[in-house]
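The stops below can be selected in turn.

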Amino acid sequence: MEALYIILTAFCIALSCGTLGTFLILRKMAMVGDAISHSVLPGIVIAFLVSGSRNNIPMLIGAAAVGVLTTVLIELLHKKARLQEDASIGITFTWLFALGVILISAFTGQVDLDQECVLYGEIAYVPLDLIITHSGTNLGPRPLWVSGAMALIVLLVTRIGYKGFFITTFNPDYAKALGISTVIWHFVFMSLVSLTTVVSFESVGAILVVALLIAPPATAYLLTGRLKTMLLYTAILSLLISVCGYVLATWLNGSIAGAMATVAGILFAGAYGVYKVKAGKGTKAPLKKPAY
Amino acid sequence: MDKLLEFLSFQDPNVRTVTFGTIFLGMSAATVGTFAFLRKRSLVGDAVAHAILPGIAIAFMLFQTKNPFVLMSGALISGWIAMLLIEHLSKATKLKPDTAIGLVLSVFFGIGILLLTSIQHSGAGNQAGLDQFLFGKAASMTRSDLLAYGIVALILLMAVILFFKEFKVLSFNPDFAQASGLPVKRLQFILSTITVLAISIGIQSVGVVLMAALLITPAATARSWTESLLVMMVLAAIAGGLSGLVGSYISFAAPNMPTGPWIVMCLSFLALFSLFFAPKKGVVARIRQQQQNRKKILSENLLKTFYHLRENNPSSRTFSREELLEKRPFSDTEYNTALGRLRKQFYLIPEGHNWSLSEKGYEEAKRVVRLHRLWEMYLTERMRLKADHIHPNAETIEHIITPEIEEQLLRELDYPETDPHHSPIPYPRK
């Protein structure tokens, strides 16, 4: 039962991350996703200090706001201060992450977070955090509910806004010509990414969020060129990663989050093999042509 | 204050080791990072910092030792593999470079975490302290660590000095480096190797996540102040060393404060300060420059208006506000700014409520009009543009042309009498 809880939670997180990550890598913003996943830390700590608890809705939204702020800061450094883009990303997220770690150290005891948890999460503790009603009924682990709700929101928003996301991702100029605001869609999208990162943070930590945001969509992208197929593949990969990752972690007696990232890497390597074989066929074909 | 004196006296050998260690690491990372910054490889540095983790874990599993050189070799190898993978994936597949970076970063780091936690849970002896690579261990640096990092830092410095010229060309113009017959592949190999080395010793002081800051933030700071690579490198090293000093002081004064994050805070503060307030390149200086330019353009336009009015009716010398605004519309603030500036320069003389040009002002107005008409002439003669298309372009360029370009235009056009609209071109009085 515990294993099922963990795998289900991981799957919900992987599903939300993968869906958003698909658009993220197509928008060439993979590293912005990486930056957000680090820089929500001070948001989480401050929200935690203010509200005194984790997992209430205002706290999640407050912390996610810091993620959106990160994208604004990066933009500001890049456009106004004319710093090259890679350096703007690097400086912004390291600064915010450092601030987060300092806050954690300054308020140890008041904040139920530590550095290890920040980096690779504590998904193994998911089954311990149960919701129990007043009458004593066990409703299952809280993180599962939260990440499940998040996955639902992400899927719903992408379903409803599919056309908007599609057009602003692939042809922003055309979108502008049609009168569709790329800025609004950008912010809706970035808010979703931030929110997902915050929700996933304590379960899987900053780095696995990045792995789940980027690896499954990148794998799917090698296998197909169609957005809908890519989203479907990403969902299947998320399931594989959650199950196999858990098995691998138990076998090696190591971090579940780390194992899931490892499995994501192995799956990518497999897809890369397929991609190379396909590409190889593509380049060999013209060589045979001179026969006629 | 006492704390600060106690710290700066370096009486405590422990404090001495830690402080000199962090300064040292900060400086060597900053020096090498300058190239990473200039080659726009900041995020590759970040990825490599994460990717050396599995190398360290595997080296430890194979040799069961925490000898810094053994661990560093592991780090070097896996950092190298990561770098090659990023390059290969972004070249040989349809993945974009940023996707390749993020992918390699997170997967390598995940593998590293899996191995590290697996080692820790297996309870193998003397594994304690491997997680210092995650968060840095500035506070617990020992003399032998210092020695090891010192040797590596020295190698890095030697390599930078030895190949300074080559690296410079490689950073600013790789195509030129290739064309001029430099062994680009080999140089890139050396540069990447010293970058990975700098990263693998740097994470000792700030940890994996913040390593990118140690590498590039000093370079970004230095870039705002200078155009010279050598000066930039020295400034970056100073910024890196200074932040190391501040970071270790803070964790000395407040022992529960982590050193690494404070180093990064200090670095970021320096970078933001420079980006905003550096002379010439800072945001503030640029905004001020823009305002100056706008004022200059406004007042030159007002001068021209005076000239045009005089040209139209040569008998009158003084003009009222209404006459000027009728000739060329200015908003109230624009008019007042331009007028104020021209008065201060003694280009205008007040006469009752009206204004007239001073001798000096008249010459200046002639200059602006001359440039405008010369440029129009040039556009029609040399660019073969039609006479009714050239005015807007001349409106902008007249404020920019330097005396040297003016001289050249005059020679090129052989001192023309009139412009394409047959208005005379005014020359300065002999």
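Start by selecting B:Leu348, which stands opposite B:Leu357 in strand 3 of chain B. The model is predicted, so local features need pLDDT of at least 70 and side-chain atom pairs count only at pLDDT 80 or more, while totals for chains, interfaces and linings use all residues. Residues are numbered from 1 along each chain as its sequence is written, and chains are lettered from A and ligands numbered from 1 in the order in which they are written.

Strands are DSSP E runs of at least two residues and helices H or I runs of at least four, numbered from the N terminus; two strands pair if DSSP finds at least two bridges between them. The open sheet here has three strands in the order 1-3-2, with antiparallel pairing. Strand 1 (318–319) and strand 2 (348–351) of chain B are at the edges with a single partner strand each, so one side of each lacks a neighbour in the sheet.

Next, select residues 30–51 of chain A, which form helix 2, with 22 residues. Of these, 18 are buried (20 or more other C-beta atoms within 10 Å of the residue's own, C-beta atoms being placed from the backbone), so helix 2 of chain A is largely enclosed by the rest of the structure. After helix 2 of chain A comes A:Gly52, with a positive phi near 75°.

Finish at B:Val48. Leaving aside neighbours within four places in sequence, its contacts (C-beta atoms within 7 Å) are B:Gly79, B:Ala82, B:Met83, B:Val196 and B:Ile199.

How values were computed. Expected span 1.5 Å × (residues − 1). Buried ≥ 20, exposed ≤ 12 C-beta atoms within 10 Å, placed from the backbone. Contact = placed C-beta atoms within 7 Å.
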